[in-house]
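I opened the notebook today to follow a few residues through a model and jot down what I looked up. Have a look along with me.

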Amino acid sequence: MHKIEYPLRRIISTIGSYQYQLSKYLAKSIREDRPQANSYRKDSFEFVKRIKEIILNERKTYIMCSFDVESLYTNVPVDEAINLTLDYMYKQNKLINVPFHRQQMKQFLELSIKDAPFQFHNKIFKQADGVGMGNPLSPILADLWMQKIEQKLNKFSTNKPIIWLRYVDDIFCLFAILKTKILEFHSHINKWHNELNTLK
């Protein structure tokens, strides 16, 4: 059901499209070679396990909050995400599980993820930017882009969450500071990138 105040988001299956088999092959190769951020959680079971491991100081007051990245897939800057992916895969002295050099891999990624056609109300459209929901590469490129964005957390010396956990576009934070500072933190992270907008 479409909510009037929110934009439409395409959720399409790419099975059978000219991009699907190549996307599936590349997704498998990149998934095996990509780095994994400490913040990343693949499912709710991993999240619960990590939460149970947290030891808190009983003398302090903590505040839990969550952020949601608004329309992550459709806001991922594709060219930037592709270059980040290539940087991760083709680091110096790193062996990767694909028989292509960097420029070939870039062309394959562009063929797989860019300008994806889709049909809506009997009209054919072409995706202008973002990664299409339903493409095997989309969650991987979106995650790598978020990992790069999250590195900006290291620049925070104060007003920083003691816990930052993320599943795709859902972020859980734990603060040991006053509530008023959370709004300030939220304002800062929304300035990390023009395409990044988190909901409170």
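Where is the place of Ser-23? I found Ser-23 in helix 1, residues 20–33; helices here are DSSP runs of H or I with at least four residues, strands are runs of E with at least two, and both are numbered from the N terminus. Before going on, I noted that this is a predicted model, where local features need pLDDT of at least 70, side-chain atom pairs count only at pLDDT 80 or more, and totals for chains, interfaces and linings use all residues. I also noted that residues are numbered from 1 along each chain as its sequence is written, and that side-chain values use heavy atoms, with hydrogens and water left out.

**Entry: Ser-23.** I looked up its accessibility: Ser-23 is at 0% relative accessibility and so counts as buried (buried is under 20% relative accessible area, exposed over 50%, partly exposed in between, with a 1.4 Å probe and protein chains only). Leaving aside residues up to four places away in sequence, I see Ser-23 touching Ser-112, Asn-135, Pro-136 and Leu-137, with contact meaning heavy atoms within 4.5 Å.

**Entry: aromatic rings.** I used this rule: rings of Phe, Tyr and Trp (its six-membered ring) pair if their centres lie within 6.5 Å, with planes under 30 degrees apart stacked, over 60 edge-to-face and the rest tilted. The count comes to nine aromatic pairs. I picked Tyr-25 and Phe-100, which are edge-to-face because their planes stand at 80°, with centres 6.3 Å apart. Tyr-25 is in helix 1 and Phe-100 in the loop between helix 4 (78–89) and helix 5 (102–113), so the pair ties together parts 75 residues apart in sequence.

I then turned to Trp-164 and Phe-185, edge-to-face at 6.1 Å centre to centre and 75° between planes. Both Trp-164 and Phe-185 belong to one aromatic cluster with Phe-67, Phe-156, Phe-175 and Trp-192.

**Entry: strand 4.** Four of its five residues are buried, so strand 4 is largely enclosed by the rest of the structure. I see it pair with strand 5 (residues 170–175) in the antiparallel sense over five bridges; pairing needs at least two DSSP bridges.
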